[in-house]
Amino acid sequence: MILFSDFDNTLFFRDDEQKTQKNIKSIKEWRSADNQFCITTGRSYRSITEHFPEIAEICDYYIVDSGSIILSKTGALIKSAVPLFGSVMWSMVYAKKQYY
């Protein structure tokens, strides 16, 4: 089975380290029973891994950027609903030249 959880104020509590650690312990127990765990968040992968480096110990998958990107445990891309980064950047440069 797989358990999905939001990140902010569900798994990670900026002002309550005790709650955060209790959640980590519970998720480790869940995973030790051959279950998987996935973070789902509006944040970027970089944002959650920088604020909470321990996440790599407990996450099997990440659904980030409001559901538009799915990543593996290692951060490798599984699925993306957004265009390639280079294409997005080129579009922004083109739009700036045309409209600004």
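Student: Let's begin with Ser5. Which strand holds Ser5?

Tutor: Ser5 lies in S1, the strand covering residues 2-5. Helices (H or I, at least four residues) and strands (E, at least two) are DSSP runs numbered from the N terminus. A caution: this is a predicted model, where local features need pLDDT of at least 70, side-chain atom pairs count only at pLDDT 80 or more, and totals for chains, interfaces and linings use all residues. Residues are numbered from 1 along each chain as its sequence is written, and side-chain values use heavy atoms, leaving out hydrogens and water.

Student: How do I read burial: is Ser5 buried or exposed?

Tutor: Buried means under 20% relative accessible area, exposed over 50%, and partly exposed in between (1.4 Å probe, protein chains only). Ser5 has 13%, so Ser5 is buried. Across the protein chain, buried residues make up 28% of the 100 residues.

Student: Which residues does Ser5 touch?

Tutor: A contact means heavy atoms within 4.5 Å. Leaving aside residues up to four places away in sequence, Ser5 touches Thr10, Leu11, Phe37, Cys38, Ile39 and Thr40.

Student: How does S1 pair with S2?

Tutor: Two strands pair if DSSP finds at least two bridges between them. S1 and S2 (residues 36-40) run parallel and are joined by four bridges.

Student: What unit do S1, H1 and S2 make?

Tutor: A crossover is right-handed if, with the strands pointing away from the viewer, the path from the first strand over the helix to the second runs clockwise. Here S1, H1 (residues 17-32) and S2 make a right-handed β-α-β unit.
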